[in-house]
Amino acid sequence: MLELRNITKRFGDVLANDNVNIVVKPGTIHAIVGENGAGKSTAMRIAYGFYTADSGEIIVDGQPRDIKSPHDAIALGIGMVHQHFMLVETMTVAENIVLGAEPGTALALDLKSAAAQIRQLSEEFKLAVNPNEPVEHLSVGQQQRVELLKALYRHARLLILDEPTAVLTPLEVEEFFVILRRMREQGKTVIIITHKLSEVLAISDEVTVMRDGKVVGRVQTKDTNAAELARLMVGREVLLRVEKTDAEVGRPQLEIRNLSVTDINGTKRVDGVSFEVRSGEIVGIAGVEGNGQTELIEALAGLVDPERISGEINFEGRNLNALGARIRRELGIAHIPEDRHRRGLLLDFSLAENSILGVHYRPPIAAMAGGIFLDENAVQRRASEIIQAFDVRPPNAALPARSLSGGNQQKLIIGREYRVDPKLLLVSQPTRGVDIGAIEFIHRQLVGLRDDGCAILLVSAELEEVTSLSDRLLIIHDGRIAGEVDPKTATLEEIGLLMTRGH
Amino acid sequence: MNKLARELLFPLIAVVAAFIVGGILILLVGDNPIVAYRLLLGSALSWPDGIGYTLFHATPLIFTGLAVLVGFRCGLFNIGAEGQLYIAAFATAWVGITFANSSSWLLIPMCFAAAILTGAFWGAIPGVLKAKFGSHEVINTIMLNFIAVALVSYFTQYHYKVPGDPILQTAPIGPSAYIPHLGRFIPGLPERIPLNLAFILALLCCLLVYLFLWRTKWGYEIRATGSNPFAAEYGGISIRKQIILAMSVSGALAGMVAINEVLGNRHRYYDGFSDNYGFTGIAVALLGRNHPVGVILAALLFAALQHGGIYVDGFSEHVTKDIVQVLQGVIILFVAAEGFFKWALGRRLPWNV
């Protein structure tokens, strides 16, 4: 169906695609895997006409083709669904789908026939999408199906999906895979770009593995396993399981009683939550995103106006409710936030300046002239310690944080928060958007900190992560604790049910 | 070096583009642009009058440029430097008149304090309003400009004008509050040129602002707030405090224009003395890329244009000094369009991978 032959593409000094060869057979689901920056999206954007290759050939149905723009790709039956949806929220499903390919004459838009056609396609692939519904009323999963319909409406025979599951809940992922299988049965070809190995194994027929702009492996899914794919992606053996001993639990550090948090609109986000975290244990919180995790962690970190909090937050027997973020940090609470760009980093500041955020106002950083001036040597020392200990690359403290990859930004944040020897660590989504190699490293660091006696509260949307790291696992649903399970014995189904139904 | 080149490139493009656009306009009205520009820059750079007056005009622009810069670095747009400097100038004159019989050692520091503190106070008002109630500083600083100008005009007209004086100005301040013209120290520079000690003070302020913003913990907190308030909050920084602090420092710097005007130049409060210094300060900060060194360079350029414009007016047939407004306008336009240039040139710039 589609073949990329010897494709090479350069961006400045970066060789994004180096002699890439990919063969996608018709009627299959083909996974392209690789770490961030491996060149998988570049290759697919070349196939879709977003970029043109510096050299190489694109062959569609056995014919060499010149794809200069997405328009050419669509004409050849190639469609693409991007990670970030391109939908106009206020328009209906049908209006969104016909956008750019409006039926009817220049003066009269024929939405009726389009809607009928969309309804027929929706039934054929069992997408259950109502063409007359405004897009803003749809869930994320439904919006994704609208994107699929957009491609199908333009008669796509090959669908390229860029990280399609990144935005979906576990249940939606299951539904989505059913749809993909149905499309394969109807003779469509699907290319799925991802870095989640469990999904590759669950859905694909064939896998192409990329690393550093090159294709490093082509395997049949049935002949491979997660460990082999991870090794190909990273280029070395990767430990997928987290290795840890049983927790040596100390006394309670964080005690929360009947905590409720409302947002600025007055909606209750956290509703009467009580639990404790003891030193030397990792307490995990699993849940579908948006069920109060963000507000819970921010309330504990001192980032929520005390007026919006009720209940009690106690740390080492001391009530924290009225204390600000600075005092909580001084007491020994560190925080790795879920959104590193919004909360965790000053993107335009250098790595050195980022490495002192939170301790910038006291010795040894602010030590000169009565603690007013920053001691540049101390700043540099701290930065290089963190960069070395956490293998932040490139190891140049003068670079702006913006220039680092997501994984290295995360390592910088984690290094900064570890550096204060916290008694309690609040961690949200520690490995979101982070490469497999770095994930392994971050997990080991978290377990190491636990073994040193730190109390850790871990929030993660990755079920596998939160079950394998946690010593105790709480499930949050609609702002309440829906249950506690033993992560060693609980099944994913059991956890999944608590996450979605709340009981 | 590369970083320096990058910082200089867009301001240079803006200035060159402005002169090209201005040149076309001069051609259109029927004059020779090269002659006009030689007149403009030649008169601004002549020794001693051109340079002396250029530096004199640059002094208030350095202060207001720094004021706007400090606000920008905290993510605040202080359009109120104009009001802040008017209030400060009046307060400085009031102190200089009221305590006219004090010795210089006492009176000059008191006048300095009046300029700095009143400016800081007038700047802090929109800061507090934003920190406490979230009301936007742009609106409030604009409003406070009107209030400041009207207030000082009122006090001058009805309470502090010398009876019978046709000009709207106060009585002179005590001679012990005067600060010397630089002509007294520099051979060849006549003392009649009003360039005074405030210019040295302005340069000193550039150094102090640099040290404050980039070397102290307070500056770190202000810049962190300006760069990403959410991350600053996460790092235990009180955003509200930073907003009030930055607006106060900003107002204080704008207020120091009073030292140049009242202690160094007219020796009284003269209503309407500011040639839009507060607003030109915005352009100075933008062209100077919000860096103290850039502010000095941009202030010198704008001051040279301002001074040279007078000669263009006098000696060329069709071009008037309005050409300076055109040049300033185009410079600002091009500086503001930097995003467009980055986009247009993006791929071809060597540092852009």
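In which loop of chain A does A:Pro364 lie? A:Pro364 is placed in the loop between α12 (351-355) and β17 (366-368) of chain A, where helices (H or I, at least four residues) and strands (E, at least two) are DSSP runs numbered from the N terminus. This is a predicted model, in which local features need pLDDT of at least 70 and side-chain atom pairs count only at pLDDT 80 or more, while totals for chains, interfaces and linings use all residues. Residues are numbered from 1 along each chain as its sequence is written, and chains are lettered from A and ligands numbered from 1 in the order in which they are written.

**Backbone of chain A**
- The peptide bond that joins A:Pro363 and A:Pro364 is cis, with omega about 5°.
- A cis peptide bond also runs from A:Arg393 to A:Pro394, with omega near -5°, and A:Pro394 is found in the loop between α13 (376-389) and α14 (406-418) of chain A.
- A:Asn6, a residue other than glycine, has a positive phi near 50°, and A:Asn6 lies in strand β1 (residues 2-11) of chain A.
- Most residues other than glycine have a negative phi, and most peptide bonds are trans.

**Contact between the chains**
- In chain A, 26 residues are in contact with 14 residues of chain B, contact being counted if the C-beta atoms of two residues, placed from the backbone, lie within 7 Å.
- On the side of chain A that touches chain B, the elements giving two or more residues are α10 (325-331), α11 (340-344) and β18 (373-374) of chain A.

**Helix pair in chain B**
- The axes of helix α3 (residues 49-73) and helix α10 (residues 239-255) of chain B come within 7 Å and cross at roughly 175°, the axes being lines fitted to C-alpha atoms, for helices over the stretch in contact, with angles from 0 to 180 degrees between N-to-C directions.
- That crossing makes α3(B) roughly antiparallel to α10(B), a term for angles over 145 degrees.
- Among the residues that meet are B:Phe63, B:Leu66 and B:Val70 in α3(B), and B:Met247, B:Val249 and B:Leu253 in α10(B).

**Helix α5 of chain B**
- Helix α5 (residues 104-133) of chain B has 30 residues and reaches 43 Å from its first C-alpha to its last, close to the 44 Å expected at 1.5 Å times one less than its number of residues.
- α5(B) bends by about 30° at B:Ala124, with B:Pro126 following within four residues; the bend is the angle between axes fitted to the seven residues ending at a residue and the seven starting there.
- After α5(B) comes B:Gly134, whose phi is positive, near 75°.

Conventions
Parallel < 35°, antiparallel > 145°, perpendicular 65-115°, else oblique.
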